[in-house]
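This report looks at charged side chains that pair with one another. The sequence and structure come next, followed by a short account of selected pairs.

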Amino acid sequence: MSFLALVLAASTFVRPLERVSTMDPAAAQSAYDARAIQLVYETPLAIDYAARPYRLVPGFCELPSISEDGLVYVFKLSPHVRGGKEKLTAEDMVRSLERLRSPDIISPNGWVMKDVSTVRALDLDTVEIRLNRRVRYFSWLMALPCTAVRGEDGTGTGPYFLQSWRKNHEMIFVRRAQYADENAFSKIRYLVIDDLSTQWLMFLRGELDFLGDVSRDNFDVVVGKDGSIAPSLSKLGVRLFSMPTLESAYIGINMRDKVLGGNKKLRQALNCAFDFEKWSQFYNGRVAKANGPVPFGVAERIDSPFKYSFNLPLARRLISEAGYEGGKDPATGRRLVLRLAIGRASQESRAAGELLASFFENVGVKLELDFMTWDAFIKTVNDGRVQLFRMAWVGDYPDVQNFMQLFYGKNVSPGVNHANYSNQLYDAAYEKEDFAECQRIVREDCPWVFTHYNKAYSLVGPRVENYIPSDFPYGMERHYKVKKK
């Protein structure tokens with residue numbers, strides 16, 4: 001039997017995915033970790049798969065009751081959890097949440113619990129969470145992948161269990177009996193396929209059901225000038241989905257670096273040297289121009305033009321005012337050399353790195369590229385052993401605070417503030433929830449080079465039904481159906 005026949009017979013949904021680092025919710029840092037984790041484990045609350053605008057729905061728990069002062073949340077376990085075979089209880093939820101702030105684990109997601117005073121089980125089916133202060137977005141935090149509930153033995157109540165995991169190669173998930181549905185996929189197969197050309201050929205052969213992104217090299221083959229799918233693919237039953245996303249991409253600047261951290265004009269100059277039009281051409285127009293850290297579609301986003309967007313004359317003047325006339329380092333008499341860490345060594349990431357180097361070359365700065373495996377990259381960034389690093393942030397929930405927390409002083413690495421940005425004025429505005437002021441401060445201070453907001457394009461194979469693109473796709477394979485012949 002052919003590979004394709006085997007796939008069809010087993011009702012297995014197959015897609016490529018970047019390397020998953022961990023199945024421990026407390027240790028999860030990437031969107032790839034989150035995808036795998038939420039197949040196996042449920043978060044206290046979930047985000048509605050199909051609702052727009054997004055809304056919260058029950059997950060491991062029913063929707064909570066909240067005290068009038070907003071300080072006490074009471075969660076009741078959902079009926080399917082109380083009656084499930086796994087026998088997880090309120091104590092499992094308490095333990096899972098407490099692990100986020102355990103000194104023994106040092107979770108990078110500990111910030112989720114920073115406003116929590118106590119978490120306790122009132123009985124087997126009830127959890128009470130008390131906060132130190134009212135937090136308007138706290139319910140959204142209870143839908144983050146890192147809050148997923150698991151038993152002490154690793155048991156979960158999600159729709160699938162992990163059958164096998166060959167690291168850096170393949171993960172296979174099998175649907176739990178209580179989630180049985182004759183039209184649902186009985187297995188999920190994630191494959192690590194670094195080469196984008198190989199991904200494309202496998203998809204055309206029917207060996208993959210889904211491509212989560214249309215590569216730069218294939219974009220013109222897939223998408224016509226009017227934005228519709230190419231007729232040759234449409235005839236095969238392939239569908240194209242596109243949407244703006246809550247993903248903000250950037251070049252992080254380590255503010256602890258002795259060259260960049262204390263030199264605001266140099267950081268501003270790097271932003272002015274970034275040529276978005278050429279960057280957009282490189283990505284086939286699949287990116288939108290960034291004017292700060294908050295993407296489109298988020299309330300309270302500042303829409304005014306960014307003062308330090310591409311402007312070579314201004315970039316050269318700022319470089320000079322920063323003490324590096326013509327890009328020359330006065331300490332060495334040679335060109336200033338900066339190093340950019342990149343967490344993937346694909347053909348596209350190398351080409352993008354070379355393009356960035358050409359941007360900085362225009363102001364006399366030499367950019368050297370350090371390509372790493374994803375695990376090594378994350379560790380290096382968390383340890384603060386980088387100067388510049390290329391990264392993106394996918395909104396955990398649709399609130400401006402979710403993006404502004406990336407600059408809060410108490411969230412420095414290994415927290416989400418990987419730039420190790422620390423500014424008392426910023427922190428004061430953040431704590432007052434004056435997020436407009438936060439944006440004004442960070443757009444002037446430039447702890448990032450603001451590169452772009454992503455647009456998502458995905459391809460779905462002919463046998464997949466019920467797919468809906470989402471900014472929060474974690475565990476969403478549970479909703480996909482096998483198309484009936």
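Predicted model: local features only at pLDDT ≥ 70, side-chain atom pairs only at ≥ 80, totals over all residues.

D194 takes part in a salt bridge with R19, with 2.8 Å between the closest N and O atoms. D194 sits in the loop between strand 10 (187-191) and helix 6 (196-204), and R19 in the loop between strand 1 (12-16) and helix 2 (31-40), so the pair ties together parts that are 175 residues apart in sequence. R19 is partly exposed as well, its relative accessible area being 25%.

Two further pairs join the one just described.

| Pair | N to O distance |
|---|---|
| D194 and R19 | 2.8 Å |
| E86 and R176 | 3.9 Å |
| R463 and D209 | 2.8 Å |

E86 and R176 are both buried.

R463 and D209 link distant parts of the chain, 254 residues apart. R463 is in the loop between strand 19 (448-460) and strand 20 (464-465), while D209 is in the loop between helix 6 and strand 11 (210-211). R463 counts as buried at 11% relative accessibility, and D209 is buried at 3%.

Salt bridges also form a network that links K114, D115, R133 and E433. Across the whole structure, the search finds 33 salt bridges.

Notes
Residues numbered from 1 in each chain as written. Heavy atoms only, no water. Salt bridge = Lys/Arg side-chain N within 4 Å of Asp/Glu carboxyl O. Helix = DSSP H or I, 4+ residues; strand = E, 2+ residues; numbered from the N terminus. Buried < 20%, exposed > 50% of the residue type's maximum accessible area, 1.4 Å probe, protein only.
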